[in-house]
Amino acid sequence: MSEETPGFEEKPEVPADGTPEEPETAAAAASADKAEGAAPAGDATDVALLAQLDQARKALEERTADLQRLQAEYQNYRRRVERDRVTVKEIAVAGLLSDLLPVLDDVGRARDHGELVGGFKSVAESLETVVAKMGLQQFGKEGEPFDPTIHEALMHSYAPDVTETTCVAILQPGYRIGERTIRPARVAVAEPQPGAAPAKDDAKSSTDEESGAPEEG
C-alpha cells in the first residue's frame with residue numbers, strides 16, 4: 001500500500017488540446033452575441049435621429065415660407081397705406097384750392113381792370129405764391145385748339161381765319177393739380193366758316209386760270 005498525504009488532492013492533468021480554455025471561449029462568444037444584438041439598436045437610433053432631423057427641416061421650411069408671406073403682405077400693406085395717404089392728401093388739397101378759386105378769379109379780374117394796387121396787390125401775390133407751392137397750376141390760352149377734356153365751351157362762333165375748333169377767348173382760366181383737373185377752362189370757341197375753304201380753293205383756281213390762259217382775239 002502506498003501512503004497518501006492527507007489534505008493533498010491531485011489536480012487533473014491539462015490536456016494538450018487546451019480544453020481548460022473553454023470558459024474563456026464561452027465568454028468571448030457571449031460578448032460577440034451581445035455586440036451583434038447591440039448593432040440593430042444603434043441603427044434604430046440613427047433612423048430616429050434622421051426622422052427628427054427631417055421633421056425639423058420641414059418645420060423650418062414651413063416657418064420660412066410663413067415669414068416670407070407675412071413680409072410680402074406687410075410690404076403690400078405699406079404700399080397701400082402710402083398710396084391712400086397720398087390720395088387723401090391730394091383730395092384735401094384739391095378741396096381747399098377749389099374753395100379758393102373764386103378768390104383767385106376776383107384777383108384776376110382786379111388785375112385785368114388795373115385795380116390790383118397797394119396792400120391788396122401784396123396780399124393777392126402772396127396768395128398766388130402759396131397756392132402755386134401747393135401745386136395749383138393755371139391753364140387756358142387764346143389761340144390753342146379746343147380740347148373737351150380740359151375746356152368748357154360757353155360761347156360758339158365761326159371765323160374764316162381758323163382751320164379747326166379754336167379757343168378765341170378765355171372767359172375763366174382752368175386750374176389743375178398735377179394731372180388732375182379741378183376746373184376746366186371756360187372759353188369761347190370758333191369753328192371754321194362753313195364753305196370758307198372751298199371758296200378759297202375756287203378763288204385760287206380762278207386766279208391760276210386767269211394767269212395761265214392766253215387772251216382771246
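Modeller: Let's start with R109 and D106: they are three residues apart in helix α1, so about one helical turn separates them. (Helices are DSSP runs of H or I with at least four residues, strands are runs of E with at least two, and both are numbered from the N terminus.) Keep in mind that this is a predicted model, where local features need pLDDT of at least 70 and side-chain atom pairs count only at pLDDT 80 or more, while totals for chains, interfaces and linings use all residues. Residues are numbered from 1 along each chain as its sequence is written, and side-chain values use heavy atoms, leaving out hydrogens and water.

R109 and D106 form a salt bridge, with the closest N and O atoms 2.5 Å apart. That term takes a side-chain nitrogen of Lys or Arg within 4 Å of a carboxyl oxygen of Asp or Glu, and by this rule the count comes to ten. R109 is partly exposed at 42% relative accessibility, and D106 is too, at 43%. (Buried is under 20% relative accessible area, exposed over 50%, partly exposed in between, with a 1.4 Å probe and protein chains only.)

E62 pairs with R63, at 3.7 Å between the closest N and O atoms. Here E62 is partly exposed at 48%, whereas R63 counts as exposed at 53%.

Then there's E152 with R186, 3.4 Å from N to O. E152 sits in strand β2 (residues 151–159) and R186 in strand β6 (residues 185–192), so this pair ties together parts 34 residues apart in sequence. E152 is partly exposed at 32%, as is R186 at 27%.
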